[in-house]
Amino acid sequence: MGVGGTAGAKLPLNEIIVGDSIEELARLPEQSIDLVFADPPYNLQLSSELLRPDNSRVDGVDDEWDKFGSFAAYDDFTRAWLKACRRVLKPDGSLWVIGSYHNIFRVGTVLQDLGFWILNDVIWRKTNPMPNFRGRRFTNAHETMIWASMGPKARYTFNYEAMKALNDELQMRSDWLFPICSGQERLRQEGGRKAHPTQKPEALLHRIILAASNKGDVVLDPFLGSGTTAAAAKRLGRYFIGIEREAAYAEAARDRVAASAPLDPASLKIAPSKRAETRIPFGALVEIGLISPGTALYDARARHEAEVRADGSIACAGAQGSIHKIGAHVQGATACNGWTFWHYDAEGTLKPIDALREQARRQLEPRA
């Protein structure tokens with residue numbers, strides 16, 4: 001599937017491209033991608049085999065794609081692929097990149113140098129990390145992800161209410177607890193060897209894609225590896241584009257994505273953002289008769305009483321103004337959310353006027 005882009009370029013939706021990420025990114029249309037998730041080489045700088053105390057070999061990352069001649073060479077590589085990603089991201093798109101202590105600080109510097117604005121660094125804390133076999137350092141039990149927008153004033157997608165719903169109605173924190181990929185989820189070759197040494201758990205990408213994109217958005221992974229990003233995007237009703245240099249990894253990713261079934265569209269409806277809801281001024285409640293002029297409003301403990309006026313203002317303590325202004329006034333505060341501060345008497349029970357706003361929204365929002 002392709003979508004027209006800049007200068008006749010086509011957007012290869014739901015395709016896994018075998019090739020160099022920087023070269024392939026240059027072929028994509030400008031400002032065509034909603035979300036980038038990148039899991040670049042970590043430049044682990046392994047100089048010898050890593051052995052367990054019993055001298056058995058650790059199946060770590062010693063592939064050629066993770067080897068660079070110097071930090072300067074790695075920085076040049078990082079700058080090139082991030083610059084290429086910046087070109088294809090939409091102005092309201094965002095980028096996630098994951099790394100370890102070997103590379104993430106260098107990546108963060110380049111991100112800022114290129115004009116990205118860091119929104120969060122998120123810690124993926126592993127429930128089952130690999131032990132430190134040499135006993136000379138702390139066990140590396142986490143990886144760091146950087147989430148960045150296109151600039152300090154750029155808009156970006158953040159499904160805040162969905163993240164709260166995912167976290168039992170608590171704000172989602174920046175430390176995430178997931179196990180490393182293992183068991184049936186781990187892709188393996190014949191003989192049981194890992195198909196990819198750094199396969200990420202799909203739960204991790206589920207959360208990232210749900211948080212920072214919407215149904216129908218285009219998610220790009222320039223280092224697709226085993227295909228976790230593509231599989232998660234497909235399940236969540238997003239388009240994906242994957243770029244992978246190694247043909248064997250790309251083949252494994254294609255098989256994985258083919259076996260991944262998209263979720264039912266109804267199940268993809270997420271908790272709506274408060275900011276995305278239709279704005280309802282308090283005066284609209286007066287106009288449509290949900291609350292009458294002269295009605296008394298109270299704070300939750302009925303310490304303050306205000307009177308509703310015909311123009312949607314309220315009066316209390318010798319002052320008149322909006323529900324927010326008067327709420328702040330009676331508290332001696334600089335600001336107040338009047339919708340949650342003021343209550344009305346509903347047959348002897350004080351209820352926040354925010355409940356009336358929801359009724360007004362149902363009446364006033366256009367029906368499909």
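Helices (H or I, at least four residues) and strands (E, at least two) are here DSSP runs, numbered from the N terminus. The model on screen is predicted, so that local features need a pLDDT of at least 70 and side-chain atom pairs count only at pLDDT 80 or more, while totals for chains, interfaces and linings use all residues. Residues are numbered from 1 along each chain as its sequence is written, and side-chain values use heavy atoms, with hydrogens and water left out.

**The whole chain**

Start with the protein chain in a cartoon view, where eleven helices and 16 strands can be picked out. Of its 368 residues, 43% count as buried, where buried means under 20% relative accessible area, exposed means over 50%, and partly exposed lies in between (1.4 Å probe, protein chains only). Among contacts (heavy atoms within 4.5 Å) between residues at least 6 apart in sequence, 66% join residues at least 24 apart.

Next, select Trp-96, Met-145, Trp-176 and Leu-204, which have the most contacts inside the largest nonpolar core, a group of 32 residues. A nonpolar core is a set of buried Ala, Val, Leu, Ile, Met, Phe, Trp, Tyr and Cys residues joined through side-chain atoms within 4.5 Å. To see which elements build the core, colour β4 (33-38), β5 (89-99), β6 (117-126), β7 (142-149), β8 (175-178), α5 (202-212), α6 (228-235) and α7 (247-258), each of which supplies at least two of its residues. Helix α5 gives the most to this core, with seven residues.

Centre the view on Leu-204, which, leaving aside neighbours within four places in sequence, is in contact with Ile-98, Trp-124, Met-145, Trp-176 and Phe-178. A second, separate core has 31 residues, among them Ile-33, Trp-81, Phe-116 and Ile-241.

The buried residues of α5 are Glu-202, Leu-204, Leu-205, Arg-207, Ile-208, Ile-209, Leu-210, Ala-211 and Ala-212.

Two packed helices are described by the angle between their axes and the distance between the axes. The axes of α5 and α6 come within 9 Å and cross at roughly 55 degrees; axes are lines fitted to C-alpha atoms, for helices over the stretch in contact, and angles run from 0 to 180 degrees between N-to-C directions. The two helices are therefore oblique to each other, given that angles under 35 degrees count as roughly parallel, over 145 as roughly antiparallel, 65 to 115 as roughly perpendicular and the rest as oblique.

To display the contact, show side chains for Glu-202, Leu-205, His-206 and Ile-209 of α5 together with Thr-228, Thr-229, Ala-231, Ala-232, Ala-233 and Arg-235 of α6.

**Helices α2 and α3**

Move to α2 (residues 71-88) and α3 (residues 104-113), whose axes come within 10 Å and cross at roughly 45 degrees. That angle makes α2 oblique to α3, and α2 passes α3 in a right-handed crossing. Phe-71, Tyr-74, Asp-75, Thr-78, Arg-79 and Leu-82 of α2 make the contact with Arg-106, Val-107, Val-110 and Leu-111 of α3.

Then select Val-88, also in helix α2, which counts as buried at 0% relative accessibility. Not counting residues up to four places away in sequence, Val-88 touches Leu-25, Leu-28, Pro-29, Glu-30, Gln-31, Ser-32, Ile-33 and Leu-220. Val-88 and Ser-32 are 56 residues apart in sequence, yet 5.5 Å apart in space, C-alpha to C-alpha.

Finish in the loops. Most residues other than glycine have a negative phi, and most peptide bonds are trans. Select Ala-302, in the loop between β11 (296-298) and β12 (305-308), where phi is near 60 degrees, a positive value in a residue other than glycine; at 47% relative accessibility, Ala-302 counts as partly exposed. Glu-347, in the loop between β15 (343-346) and β16 (349-352), likewise has a positive phi, near 55 degrees, and is exposed, with a relative accessible area of 84%.

The last stop is Ala-335, in the loop between α9 (323-331) and α10 (338-341), which counts as exposed at 56% relative accessibility. Ala-335 and His-324 are eleven residues apart in sequence and 7.0 Å apart in space, C-alpha to C-alpha.

Conventions: A crossing is left-handed if the near helix is turned anticlockwise from the far one by less than a right angle, and right-handed if clockwise.
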